[in-house]
Structure formats: C-alpha cells, structure tokens
Amino acid sequence: MGVMHDWCEAFDTYPRTYDFLHAANLLSAERKRCNVSSIMLEMDRILRPGGRVYIRDSIAIMDEIQDIAKAMGWQVTLRDTSEGPHASYRVLVCDKHLLHA
C-alpha cells in the first residue's frame, strides 16, 4: 500500500480494502492536526472484516486509542514492545470482526 501521509482526509481506496494496517507513532503525531477518532474511523473504513491493525504509539495516547477501538467493535490487545514493560511505547493489536448475517 505504501506510506499514507494525510490521515485528515478520506483516502480514495476504491475498490481496494486492506487485510492489515500498521501505524507507528501516527496517532500521537497527527493528533495536533486531526481528530484521533476520525483517523481511526478511516482506518476502520479501509480495513476488511477479519483484518488486523497494529498501532505502535506512546503510552500517553493508548487509553484514548483503546477506547475508540473498542467503541468501533474491534477486539483489542495491548502488548509491550521489545523494550519491555517500562518502555514509553506500547503496541495495540486490533482485530476487526467478520460481519455476521
């Protein structure tokens, strides 16, 4: 997919959706320009049901990100980075559920 650089606007991804998204420091970097909820909703829009998102970001924003992800119906798991439990970053693994008929 390449690097996307402007999360403040919707992406023209039609007809593609994605199985996997990875965001490293994206949300804390963009929160001054964009609403974090809007960024996460855009991620949800382009992520296929059954897809997964890895968000590596600072501890300071993790509670907000987790709350938004749970409100969107994603299953979330917070993990330590390879630096261990005292690092200033965490990894949030989010799975988008398959749609049920």
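The following questions and answers concern a predicted model of a protein.

Me: In what order do the helices and strands of the protein run from the N terminus on?
Reply: The protein has three helices and four strands. From the N terminus on, these elements run β-α-α-β-α-β-β.

Me: What percentage of contacts in the protein between residues at least 6 apart in sequence join residues at least 24 apart?
Reply: The chain has 101 residues, of which 42% count as buried. Among contacts between residues at least 6 apart in sequence, the share that joins residues at least 24 apart is 69%.

Me: Which geometry, stacked or edge-to-face, does the aromatic pair have?
Reply: The structure holds one aromatic pair. Its rings belong to phenylalanine 20 and tyrosine 54, with centres 5.2 Å apart and planes at 90 degrees. Planes over 60 degrees apart count as edge-to-face. The pair is therefore edge-to-face.

Me: How many residues apart in sequence are the parts that the pair of phenylalanine 20 and tyrosine 54 ties together?
Reply: Phenylalanine 20 belongs to strand β1, residues 18-24, and tyrosine 54 to strand β2, residues 47-58. The pair therefore ties together parts whose separation in sequence is 34 residues.

Me: What is the C-alpha to C-alpha distance between tyrosine 54 and leucine 92?
Reply: Leaving aside neighbours within four places in sequence, tyrosine 54 is in contact with Phe20, Leu21, His22, Ala23, Leu92 and Val93. Leucine 92 is 38 residues from tyrosine 54 in sequence. In space, C-alpha to C-alpha, the two are separated by 5.8 Å.

Me: Which residue has its charged end over the ring of tyrosine 89?
Reply: The charged end in question lies 4.5 Å from the centre of the tyrosine 89 ring. The residue that carries this charged end is arginine 56.

Me: Are α2 and α3 parallel or oblique to each other?
Reply: The axes of helix α2 (residues 36-46) and helix α3 (residues 59-71) come within 10 Å and cross at roughly 50 degrees. That angle makes α2, relative to α3, oblique.

Me: Is the crossing of α2 and α3 left-handed or right-handed?
Reply: Where the helices meet, α2 contributes Val36, Ser37 and Met40, and α3 contributes Ile61, Glu64, Ile65, Ile68 and Ala69. The crossing of α2 and α3 is right-handed.

Note on methods
Residues numbered from 1 in each chain as written. Predicted model: local features only at pLDDT ≥ 70, side-chain atom pairs only at ≥ 80, totals over all residues. Heavy atoms only, no water. Phe/Tyr/Trp six-rings, centres within 6.5 Å; stacked < 30°, edge-to-face > 60°. Helix = DSSP H or I, 4+ residues; strand = E, 2+ residues; numbered from the N terminus. Lys NZ or Arg CZ within 6 Å of the ring centre and 35° of its normal. Axes fitted to C-alpha atoms, helices over the stretch in contact; angles between N-to-C directions. Parallel < 35°, antiparallel > 145°, perpendicular 65-115°, else oblique. Left-handed = near helix turned anticlockwise from the far one by under 90°. Contact = heavy atoms within 4.5 Å. Buried < 20%, exposed > 50% of the residue type's maximum accessible area, 1.4 Å probe, protein only.
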